[in-house]
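Visitor: I would like a close look at a single part of this model, the larger picture of one chain and how its pieces sit together. Could you take me through that part in one connected account?

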Amino acid sequence: MKFNYKIINIKLLLVVSALLLFFAGCQKLDFVDPNGPSLEQTTTQSLVTGIEAGMRIDYEFYLRDVAVIGREAYYLEPSDPRYTGTLMGKDGTNLDPSGFLLVRSWGSRYRVIRNCNTLISRGDDGAKGFAKTIIAHQLLMNLNMTYDNGIKIDVAGETPGPFVGRVEALNFISKMLDEAKTDLQNAGSSFSFKLSNGFADFNTPAEFLKFNRGLKARVAIYQKKYDDALTALSESFVDQGASLKKGVYLDYGTGVGDQLNPIYEVPNATNIKLFTHPSFVADAEPGDTRVTSKVFVRSEPTTLDGLTSNLGQTVSSSSVDPFPLMRNEELILLRAEANIGKGNYGAAEPDINFIRQSAGLSSVTLDANNALDELLKQKRYSLFLEGFRWIDLRLYDKLDTLPLDRPGDVVHKQMPRPSTEN
Amino acid sequence: MRHVLTTMLLLIFSMSVTFAQQLELVGRVYDKETNENLVGANIVVKGTNLGTVTDLDGKFHIVLPNAKSATIVVSYIGYKTITKYIEGNRYNLSFGMEPDILKTSEVVVSGLASSIKKENAANAVAVVTGKELTTVPTQTLDQQLAGKFAGVSVNQNSGAPGGGMSVNLRGVTTINAENQPLYILDGVILDNTATQSGVNAVTLATGGGNSNFQDNPVNRIADLVPDDIESINVLKGSSAAAIYGAKASNGVVIITTKHGTGGKPTFNFHQEFGFNELIKKLGSRKFTAKTALDAFGQRGLEEFNKGKTYDHEEELYGEKGFVNQSSIGLGGGNQTSSYYFSAYHRNDQGIIKNTGYEKQSLRLNLTHKFSDAIDVKVYANYIRSSADRGLTNNDNSGTTFGISLASTPSFFNLLPTNGVYPENPFSASNAIQTRDLMTNNELVNRTIVSGSVNFNLVKTENQLLDFLITGGIDQYSQTNKAVFPRDLQFEKNSSQPGTSILGETTSENNNLYFNLIHNFFASSDLNFRTAAGVQIENKNLNSTSSVAEDLIVGQENIDQGASVTVTQNRIIQRDRGFFIQEEINYLDTYFLTGGVRGDKSSSNGNVDKYFLFPKASAAVRVSKFNFWSGLKNFLPEFKLRAAFGRTGNSPIPGAKYSSFVPANISGNGGLIVATRRGNPNIEPEKTTEVEVGFDATILDKGTFEFSYYNRDISDLILFRDLPPSTGFNQEVINGGKMNTYGFEASLSWNFFSGSDFNWNSRVNYYSTRSTITQLDVPAFNTLGFADVLGRFRIEEGKSATQIVGLENGVLKQLGDETPDFEMSFINNFKWKNFDLSFLVHWKQGGDVINLTKLLTDLLGTTPDLDTPEGKARLAAFGKTTHQLIEDGTYVKLRELSLGYTFPKETVQSIFGGLFSRFRIGVSGHNLVAITDYSSYDPEVSNFGNRAIGHSIEVTPFPSSRSYYFDISLGF
């Protein structure tokens, strides 16, 4: 065994190493997000489409909340006890301020608003009018949930402002709609972007403004500003001559990145969850075609958590059926509501009776004693599961007229502020 | 001190005087017990680089110039080192080596390119050899780690075949960043991603209260074959792992595979046959006509009146799954080259019909010494694994086996008649039908290749300079295929019947290290080792998932559906680093180490900034001092050690980006803001650890190791919930601090060591605690579904792993998932030709949120629902939460193995000299589990691998136990 200095060709080794290092190490450490575009890569069109698509995200939670609390439906979900528990005030339980029933829809509405604010900062007048109208709509959805607990309206910046009460929130929404109106009036004859099929009849600034005014009327009713409501309605698409179904819809489809209608369920499937509340059929006038067209009787009743129903619903007819945001039928009823609010029962009668006749019912005469109840009944049957019953009854302090299914159940007046907002 | 002076004087003396003579030593190294030659044993002159290795006959020959005497150090892996002073030429030295039962001569990792004898180490490094690892076969490597090391907690996420295990070193280190250790196999960083299978499209588990995926994924460390492993070094804390830098906060697991050794070739053949079975059944509620009516309505009563009951649990989980595992290992070599080849096949059938796991692996390891100056090592491994994992865990669609079972009363028949499955009126699905007709397969093809080249640049008597290049590639493709045909009850009832899910993931990890290692003997008693290097580490993962719905009858391909949803996610992370480390050994008594690693990464907000991770440690072998002589008999070895180190944890890739995500409608392509807001200033988390401890050898019979560690984790990466009114759900911030500390103790004892009877035993104890010491954001919830269902909550001043819940409207801490302590008891007995070993693992405390029971309560199927306790529990739901949180204490007989090795002569005569070793045995894994936990297994995680919040159970794949019959044959 001998030992010697073993110096191999160090120069060669260094060259080889340097080359290896160079090839392995020269990849950049600074690269763009491989998974998604940045703000700079968005366009007016992509933001508008994103807004429309985003309006559908988690909207089903809103619809279920309103339907279950308003005792239009049961949501019998074996995997989650909250639909039949806290949502229905079982044993007096309160709504969870951190629960998904509240937070999911609430957050997704503000997410759409974030997109809208991005669009406002860079879009043309048409885009601004569109974005502001949608902001108003999305804020209204959240205010409908929290009601007297209020919402946040100052959300365009990095840090949102404080909660504001219901009155201030409604004023803000109303103002937002009016600003949008101005923008739309300045927007020329056509939009610089394409809208989805859900806005097929409202895809020019002038037509879109009619939707804006419909919303304005709805807000005015919530403010009990009946003259404002009637003015707005006159500029909306309310029309006894048009289809009751005419309106603005959320479009659904099977395309890539699209969504399916979440309200639709295969009618006779064992696993359906959204059941019609038995009182909807029990309270109906004989011959009301809206009951037969929207509700069917299943062969087997389903029971969960002490709630039983054998009634399915067919508000949507397929998984790609568009779901309404605002229909002519609602606007006609809003006109009646405004007139009743003003005490003009005679003026409300044609609209109420038009709706009654459309449903195969005979006409009624309205007076101070029956008008409001008649209106609420027509709204209940015309707008079944479309997200109104609970809100309408609350507006007139009539939540105590809702049926209670189990001893100890309560009807929530409103949802708490989400715990994550504080 | 006097000793030091003497040494220095001697040193000066020996340097100034030249002896014109040489010392020639010839001898043999052998196993003292068996008298077999040891090939490749090291013979080194103490304090120098002079030395040699034994040849194929165990012989050595060494000539030392300029010496007439020398101190010779003889070492061989697994044997006690012998140090001997020799004067004058000797031609028949013989060194009989004794097995190192107490493992004090074991070598442990001390740096990126260095190792140290355990008795000299200043860190608690846990080592386990391949033999200890594979006492009882398991499906995956991570299952083998449970209970084997102090400070290493292993939690199985579910019983589904094919893995899904969380390995946690020294407790919680993070809230949201990577929570699994860094795995390094023969120099290559392994990818350990857990890619979701995509079955969420059917289970809709993320659709309700929680948006975290719950697909029960496998983390890819599961692919490794335990039989190939020579040893595993576990660097548990930052003080040991600092040199691995920005990805080492969860510790580092360094796996070395087997090498061939010189001498005659070795051959091993193992065959296992066995079966898996359900550990525990929960039972089902016994109904009366009244309870059937109350819980399941009129239809329930009708079914009840048919008068029959069915054991759905037995039908679904009652399979005896057959297991068969074969492996061969072949190794050999000579003084310049070695080879190791292995082939492995395992086939496991699960306790649910149509579930199972199959794995094949081939490995070839080669080493070659081109000259005295150049050493090359190459490792190549190909693995194919296929897992059929069923459909379990949480859902929001009534489709998983467990949810369906929980909804179905025992009086309803789910079994098919004439091939027709009854429509289950009580659930969205018929679990038996789903089990029989669905597919959920995960197929992985993986290639791991690594290697190293060592150039010896300088070698003198007291200096050694090596240039070491190591690198490797870990590449795999994973295909997740899940098919739910149209005939399934829930598909038939779907608006788009028939679902086919295809996930394709490709991953490539590569790393390349350049190291310079300088070893310098300043004197025979003073040794400096300096190492420095640069690191290049890249990760690239590309995952696509397609979900096709409304499938054409009988078709599975993605293009046979009426609607297709496609998602893709890429993770690219590039890290660049450097390190320098100095180790000093003085008199084999004092050991000092200092070093620093710098890392920059594409995941950081600032990609150009190097984050520094320093380390320092010191150890003193007190037993070497004179004053110890009185204690020498009782404690022959006693070492005090202290270490400090810092490591990092990368921000999750993509955390710095604020991006838009696609949202399409009516065929128009749209973009909407992502729910997470990016943070351009994001940095790695930093974990700074101080560890102190001692190692003692007691009476030459046992060793005792004790460590205490205390770590401060700063810049915690938090997914802070943003007020939803911002339009975002959350953002990623560095915003908090956490402190953890813990104790680890291990006692090994060699009770008997004789020719007929051997008994050695090891007890491990470990515990850890954590506290959130600072939180720059309000307290927030992590995993869980709702306050009233129990959830994890990060709160300043509280344990990081606390569980909170609503008690009559008040949010309170109700539990903690961190156990009080864990212990394990390992015993090995040998009597004549029989061997017996077992491992008992005891976890004390650690709470689990049992939502399986809540679901069966609400769905009316819990066995005790008609008792006062059951009624009270059901009535309490919504008002209180504590009834959902259970103590997860368990004692498990993890491993039991009993074998008989035939005498060598008998074997040789049976096999005509072909084989020399033949062992038969029986063994079992998780044979006994003692626990008060009321569901299947407190070892569970609905959300997969989680730093915090794994202890949530929602109808998991139940755990199984395994029995084996083993045959092992070799020469």
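Guide: A compact globule of 971 residues would have a radius of gyration near 30 Å, and chain B of this predicted model has 30 Å, so the value agrees with that expectation. Along its principal axes, the C-alpha trace of chain B spans about 105 × 70 × 55 Å, and 55% of the 971 residues of the chain count as buried. In secondary structure, chain B holds 13 helices and 50 strands. When contacts in chain B between residues at least 6 apart in sequence are considered, 70% of them join residues at least 24 apart.

The chain is also divided into parts, with domain 1 of chain B covering 17–100 and domain 2 of chain B covering 125–970. Taken over C-alpha atoms, the centres of domain 1 and domain 2 of chain B are separated by 44 Å. Where these domains meet, 9 residues of domain 1 of chain B are in contact with 14 residues of domain 2 of chain B, and the side that domain 1 contributes there has, by class, 3 nonpolar, 4 polar and 2 charged residues.

Chain B also meets chain A, with 86 residues of chain B in contact with 81 residues of chain A. On the side of chain A that touches chain B, helix H1 (10–25), helix H2 (44–54), helix H4 (100–122) and strand E6 (295–304) of chain A each supply at least two residues. The largest share of that side comes from H4(A), which gives 9 residues. By class, the side of chain A that touches chain B has 32 nonpolar, 32 polar and 17 charged residues.

Within chain A, one helix can be followed in more detail. Buried residues of H6(A) are Ala169(A), Leu170(A), Ile173(A), Ser174(A), Met176(A), Leu177(A), Ala180(A), Asp183(A) and Leu184(A). An α-helix has 3.6 residues a turn, so residues three or four places apart point the same way. The partners against which the buried residues of H6(A) pack are helix H5 (125–146), strand E2 (151–152), strand E3 (163–164) and helix H7 (205–222) of chain A.

How values were computed. Residues numbered from 1 in each chain as written. Chains lettered and ligands numbered in written order. Predicted model: local features only at pLDDT ≥ 70, side-chain atom pairs only at ≥ 80, totals over all residues. Buried ≥ 20, exposed ≤ 12 C-beta atoms within 10 Å, placed from the backbone. Helix = DSSP H or I, 4+ residues; strand = E, 2+ residues; numbered from the N terminus. Contact = placed C-beta atoms within 7 Å. Domains from an automatic or database assignment. Nonpolar A, V, L, I, M, F, W, Y, C, P; charged D, E, K, R; others polar. Rg over C-alpha atoms; globule rule 2.2 N^0.38 Å.
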